[in-house]
Amino acid sequence: MKDLLRQHTSLKEEIEILLNNQVKMEAEASSKYLAMASWCDRNGFKNSAAYFLRQSDEERAHMLKLFNYIMTVGGTAVAPEVGPVKQDFSSFRSVFEAALQSEISVTQSINRLVTASRTAEDYATENLMHWFVSEQVEEEDNARRALELFDVIGEEGTGLYHIDKAVNKISSGAGTAAN
Ligand code: FEO
């Protein structure tokens with residue numbers, strides 16, 4: 001059945017696998033942000049908790065964008081299984097360091113998908129991935145700006161309180177990449 005279906009789509013199996021891997025990565029990113037939101041909430045950083053909840057929503061939107069694309073082009077979209085997620089962090093700052101590392105890993109994965117789709121002459125997928133390339137520029141920028149607050153404001157005294165307040169001003173960038 002699978003082979004029969006494949007004759008009716010130009011989506012190559014190797015690209016379908018990479019797209020489904022990316023679906024899983026976005027789902028995991030969404031879950032990671034939930035864990036970050038929870039940590040911030042229980043440690044008194046309410047603005048940062050709200051920020052990470054917004055980021056989690058965005059990652060779910062990314063996952064759905066890929067999931068819907070796979071279905072639209074006649075592939076088999078696989079509902080992602082999310083593995084264990086880090087729930088605890090050693091400090092407020094380390095939460096944002098983990099967020100930036102996660103975004104950099106996503107960017108690298110997106111870049112590999114651009115290369116693979118171009119090599120496979122799958123220009124529809126490459127076109128979709130360009131949206132994600134732009135989105136990742138924003139996401140990494142947000143993560144870096146949040147981390148910079150620790151140096152600009154400083155962690156001494158009421159610093160953490162002010163950092164948490166300033167995080168609230170960071171744009172979530174939701175949907176601002178070219179749709
Ligand atoms: Fe969808 Fe922030 O990676």
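**Notes on aromatic contacts and helices**

1. A search of the whole structure, which is a predicted model, finds 11 aromatic pairs. Rings of Phe, Tyr and Trp (its six-membered ring) pair if their centres lie within 6.5 Å; planes under 30 degrees apart count as stacked, over 60 as edge-to-face and the rest as tilted.

2. Trp131 and Phe132 form an edge-to-face pair, with 4.9 Å from centre to centre and 80 degrees between the planes. Both Trp131 and Phe132 are buried (under 20% relative accessible area, with a 1.4 Å probe and protein chains only).

3. One aromatic cluster consists of Tyr33, Trp39, Phe45, Tyr51, Phe52, Phe89, Phe92, Phe96 and Phe150.

4. Helix H5 (residues 123-153) has 31 residues; helices are DSSP runs of H or I with at least four residues, numbered from the N terminus. From first C-alpha to last, H5 reaches 45 Å, close to the 45 Å expected at 1.5 Å a residue (1.5 Å times one less than the number of residues). Gly154, with a positive phi near 90 degrees, follows H5.

5. Helices H3 (residues 46-72) and H6 (residues 159-167) pack at about 35 degrees, their axes 7 Å apart. Axes are lines fitted to C-alpha atoms over the stretch in contact, and angles run from 0 to 180 degrees between N-to-C directions. Lys46, Asn47, Ser48 and Tyr51 of H3 make the contact with Asp164, Lys165 and Val167 of H6 (heavy atoms within 4.5 Å).

6. Residues are numbered from 1 along each chain as its sequence is written. Local features need pLDDT of at least 70, side-chain atom pairs count only at pLDDT 80 or more, totals for chains, interfaces and linings use all residues, and side-chain values use heavy atoms, leaving out hydrogens and water.

Notes: Helix = DSSP H or I, 4+ residues; strand = E, 2+ residues; numbered from the N terminus. Buried < 20%, exposed > 50% of the residue type's maximum accessible area, 1.4 Å probe, protein only.
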